[in-house]
Every structure is written in structure tokens, then in C-alpha cells.
Amino acid sequence: MVKSFGISFLILLTLAIVETAILSNITILPAVPDLVLLGSIYISLVNGRGMGELSGFSSGLIMDFLGGAPFGFNCIFRTIIAYISGFFGGTINYNGFLIPFVIGLIATVSKAFLIWIISLFYTSVLNYTIFSLPFLFELLANAFLAPVIFKLCGCFKRQLALYGEDRR
């Protein structure tokens with residue numbers, strides 16, 4: 001489990017650095033795709049709910065330290081989304097294009113809903129509406145990048161998996 005979490009943490013840290021250092025500095029993008037959320041969803045699909053909540057929480061901590069959100073803000077919704085996606089780990093085939101595309105859509109809409117709920121308690125958090133250009137861009141970017149992130153993380157599936165394929 002320590003090896004799997006270590007590899008997961010390094011993947012999430014790499015995705016967070018790409019997201020915050022490279023993608024956030026491209027001024028023509030209306031919103032930044034959430035690569036870290038997609039990575040933690042993949043990890044939870046591979047390993048289930050327990051590792052999902054751990055990867056969601058650790059990715060939230062990484063994003064809280066690298067971003068300007070209040071401490072714990074990213075941890076809350078990333079943990080919830082990764083935990084829920086861990087329920088579907090053994091039941092859906094997340095290889096290919098269509099299923100990761102749909103997962104990216106559902107994850108982004110879930111993120112927007114949870115941010116809206118959390119913004120009721122965190123008054124300093126700006127929530128975005130689902131009828132805005134930044135949300136639409138993030139929705140489409142996450143949906144189209146989900147198969148790419150899943151394929152890249154799939155290269156490390158043997159190192160990420162807590163159990164072999166025979167234990168599922």
C-alpha cells in the first residue's frame with residue numbers, strides 16, 4: 001500500500017505542477033482543466049473507495065498548497081468525488097474513449113455542484129455558474145482530457161494497483 005500511495009502521490013503531484021505552473025499561465029484559456037481531479041478519479045477506479053478517498057484528500061492538500069483557495073477547500077470536494085468514483089472501480093470498464101469522456105463530464109458537473117454547496121459555508125470562495133464560458137470550457141476540456149489522463153496513468157497501473165487483477 002505504501003508503494004501504491006507513493007506512486008499515486010507522485011502522479012498527482014506531477015499533474016498538479018503541470019496544472020498550476022503551465023496551464024494556469026496560458027492566458028488564452030478561459031479556465032484551467034482539472035487534471036488532478038481526473039488523476040485521483042483514475043486512482044480510485046483502480047483501487048476502490050479507500051485509496052480513492054486517500055488520493056482525493058492528498059490531491060486536495062497539494063492543490064491547497066499550490067493554489068490560493070482556503071485551506072481544506074479542495075480537500076473536501078476532491079475526497080467526496082474520488083470516494084464516490086471508487087464505488088465503480090470493479091464494475092465499469094474505464095478503458096477506451098467514451099467511458100472516460102463521460103466520467104470527465106460527470107466529475108466536472110459534480111465538482112461545480114460541490115463547489116456551490118461549499119461556497120455557502122466559505123464566503124471567500126467564488127463559485128462559477130454552469131451557464132458561463134469558463135465552466136463550459138472546463139467541462140469540455142476535462143471530458144476530452146479524461147481519456148488522455150486515464151491512458152497516461154494506465155502506464156503505471158501495475159505500480160498503482162493495490163491488488164492484482166486476480167483479486168477483483
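Predicted model: local features only at pLDDT ≥ 70, side-chain atom pairs only at ≥ 80, totals over all residues.
Ala141 sits in helix α6. If you look for Ile22, you'll find it 119 residues away from Ala141 in sequence, and the two C-alphas are 15 Å apart in space.

Staying in helix α6, have a look at Glu138, which lies there too. So is Glu138 buried or exposed? Its relative accessible area is 5%, and anything under 20% counts as buried, so Glu138 is buried. And what does Glu138 touch, once we ignore neighbours within four places in sequence? The contacts are Ala31, Val32, Asp34, Thr108, Lys111 and Tyr128.

Now let's move on to how the helices pack. Two packed helices are described by the angle between their axes and the distance between those axes. So I'll give you both each time.

First up, α2 and α6. Helix α2 covers residues 35-47 and helix α6 covers residues 133-154; their axes come within 9 Å and cross at roughly 50°. That angle is why we call α2 and α6 oblique to each other. The crossing of α2 past α6 is right-handed. Which residues meet there? From α2 you have Leu35, Leu38, Gly39, Ile41, Tyr42 and Leu45, and from α6 they meet Asn142, Leu145, Ala146, Ile149, Phe150, Cys153 and Gly154. Sort the residues of this α2 and α6 contact by class and you get 10 nonpolar, three polar and no charged.

Helix α2 also packs against α5, which is residues 98-119. Here the axes come within 11 Å and cross at roughly 115°. Again α2 makes a right-handed crossing, this time past α5. On the α2 side we have Leu37, Leu38, Ile41 and Leu45, meeting Ile103, Gly104, Ala107 and Lys111 of α5. That contact of α2 with α5 has six nonpolar residues, one polar and one charged.

Next, α3. This helix runs over residues 49-66, so 18 residues, and goes 25 Å from first C-alpha to last, close to the 26 Å expected at 1.5 Å a residue. Quite a few α3 residues are buried, among them Met51, Gly52, Ser55, Gly56, Ile62 and Met63. What do the buried residues of α3 pack against? They pack against α1, α2 and α4.

Let's zoom in on α3 and α4. Their axes come within 7 Å and cross at roughly 155°. That makes α3 roughly antiparallel to α4, and the crossing is right-handed. The α3 side of the contact includes Arg49, Glu53, Phe57, Leu61 and Asp64, and the α4 side includes Phe73, Cys75, Arg78, Ala82 and Tyr83. By class, the contact of α3 with α4 comes out as seven nonpolar, eight polar and four charged residues.

Last stop: the loop between α3 and α4, where you'll find Ala69. With 26% relative accessibility, Ala69 counts as partly exposed. Leaving out neighbours within four places in sequence, Ala69 is in contact with Asp64 and Asn74. And how far is Ala69 from Ser124? They're 55 residues apart along the chain, and their C-alpha atoms are separated by 8.6 Å.

Methods. Residues numbered from 1 in each chain as written. Heavy atoms only, no water. Axes fitted to C-alpha atoms, helices over the stretch in contact; angles between N-to-C directions. Helix = DSSP H or I, 4+ residues; strand = E, 2+ residues; numbered from the N terminus. Parallel < 35°, antiparallel > 145°, perpendicular 65-115°, else oblique. Left-handed = near helix turned anticlockwise from the far one by under 90°. Contact = heavy atoms within 4.5 Å. Nonpolar A, V, L, I, M, F, W, Y, C, P; charged D, E, K, R; others polar. Buried < 20%, exposed > 50% of the residue type's maximum accessible area, 1.4 Å probe, protein only. Expected span 1.5 Å × (residues − 1).
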